[in-house]
Amino acid sequence: MSSQTNEIVLSAPAPQDFQAPVFPDNKLVLYFHPYNFYSQKVLLVLYEKNIDFTPYIVDLCNGEQYSSWFLNLNPKGDVPVLQDGVFVIPNSPQIINYVETKYRGEEHPVLKPYNPYSLQYDQMMVFERALSRLPVGALSLGSFIHDDLRLVPKAPFIGPVRQSCLKNNDKVMELLRSSVSDLNSQNVALKQKLEIQMRRKELVTSRTEFQRVLDAVRNTLMYVEQELSKSKQNTACWLTGEQFTVADVSLCLLLQRLHQLGFENYYWANDKMPRVENYFQRCRQRESYLKLMPSSNFEILKEMWSMTPTNYKLGATAGFLVGHI
């Protein structure tokens, strides 16, 4: 079995081995990874707005994001990317703004429902900016390193998978270094990304520095708890009222990632933040949430598996959970 495993790992593709997929011009295509946090954010928006799209899962584990065809879409080598005919929209904030502007009406609920000059709009954006600033990638990576936190992780971040994630993070870093070197440093965006990834690794390795990340998350959640307490109908309302907005998308996914990493006891369980806990339970009942979670979204995982070459499926199962977590 050991020799077979080595053979599979050695036969895994390099970034230059990936070929660009071909889709009809009239298709709305999302390039993403189902466990990537920012991909999940766009997925949740697409599901909330009832937008039909074609999914393409980028193989982050083996560096497809650094292949020539993908760097032509997004020079930073990041998912998600949305392609709408000749229009290519990288990164989750721009994608969300694009679909929110294009898809409106009875069939496509708006996620920014307020007048831009209203108090509710300002409140929505205050939440959205505060939540978007949190370093979710560093939070995820650091939770795998510091065992003193005594977390209770859930699938997919359980058992030996956590160590596989750490090893794969190192592998992806090497792929990024190699890509920067192969391009003779002409891709400024990739160089900046490598510097950010290196700083992130230093940040999460230090327990003191990582505690600052944990405290920043706590302070944000305490602010949310305080604001939810002001609502007279806090068991039924979302962050800024009765409508589910982009701010709720961000908070819902943050709480889901914290739950998967095992942070609920650290932050809100056991009556620490009862309103945040109630809010999260209501998020988990939304139809869009049920579609989003990879454990329940069998069709997306099945498609991902069918697109995985047979000669490295074993390696993919051991490391596809990370890349840009």
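Predicted model: local features only at pLDDT ≥ 70, side-chain atom pairs only at ≥ 80, totals over all residues.
Start with the whole chain. The protein chain has 325 residues, and 51% of them count as buried. Its secondary structure comes to 15 helices and 4 strands. Now the contacts. Take those in the protein chain with a separation of 6 or more: 73% of them are between residues 24 or more positions apart.

Two packed helices are described by the angle between their axes and by the distance between the axes. I will give both each time, then the residues.

First pair on my list: H7 and H8. Helix H7 covers residues 160-182. Helix H8 covers residues 188-205. The two pack at an angle of about 150°, and their axes are 10 Å apart. Angles over 145 degrees count as roughly antiparallel, so H7 is roughly antiparallel to H8. The crossing of H7 past H8 is left-handed. Which residues of H7 and H8 make the contact? On the H7 side, they are Asn169, Asp170, Met173, Leu176, Arg177, Ser179 and Val180. On the H8 side, they are Leu190, Lys191, Lys193, Leu194, Gln197, Met198, Arg200 and Lys201. By class, the contact of H7 with H8 has 6 nonpolar, 3 polar and 6 charged residues.

Stay with lysine 193 for a moment. This residue sits in H8, and it is part of the contact with H7. Is lysine 193 buried or exposed? Its relative accessibility is 5%, so lysine 193 counts as buried; the cut-off for buried is under 20%. What lies 2.8 Å from a polar atom of its side chain? That is the backbone oxygen of glycine 77.

Next pair: H6 and H8. Helix H6 covers residues 136-145. The axes of H6 and H8 come within 9 Å and cross at roughly 45°. H6 is therefore oblique to H8. Here the crossing is right-handed. From H6, the residues are Gly137, Ala138, Leu141, Gly142 and Ile145. They meet Arg200, Leu203 and Val204 of H8. The contact of H6 with H8 divides into 5 nonpolar, 2 polar and 1 charged residues. Note Arg200: this residue is in the contact of H8 with H6, and it is also in the contact of H8 with H7.

Leucine 166 belongs to H7. Leave aside its neighbours within four places in sequence, and leucine 166 is in contact with Leu141, Phe144 and Ile145. Take phenylalanine 144: it is 22 residues from leucine 166 along the chain, and their C-alpha atoms are separated by 7.3 Å. Leu141 and Ile145 have come up already, as H6 residues that meet H8.

Last pair: H9 and H10. Helix H9 is residues 207-229, and helix H10 is residues 246-261. They pack at an angle of about 130°, with axes 13 Å apart. H9 and H10 are therefore oblique to each other. Their crossing is left-handed. H9 brings Val217, Leu221 and Val224 to the contact. H10 brings Leu251, Leu254, Leu255 and Leu258. How do the residues of the contact of H9 with H10 divide by class? There are 7 nonpolar, no polar and no charged.

To recap the angles. H7 and H8 are at about 150°. H6 and H8 cross at roughly 45°. H9 and H10 are at about 130°. Thank you.

How values were computed:
Residues numbered from 1 in each chain as written. Heavy atoms only, no water. Axes fitted to C-alpha atoms, helices over the stretch in contact; angles between N-to-C directions. Parallel < 35°, antiparallel > 145°, perpendicular 65-115°, else oblique. Left-handed = near helix turned anticlockwise from the far one by under 90°. Contact = heavy atoms within 4.5 Å. Nonpolar A, V, L, I, M, F, W, Y, C, P; charged D, E, K, R; others polar. Buried < 20%, exposed > 50% of the residue type's maximum accessible area, 1.4 Å probe, protein only. Polar contact = N/O pair within 3.5 Å; in protein donor to acceptor, adjacent residues only side chain to side chain.
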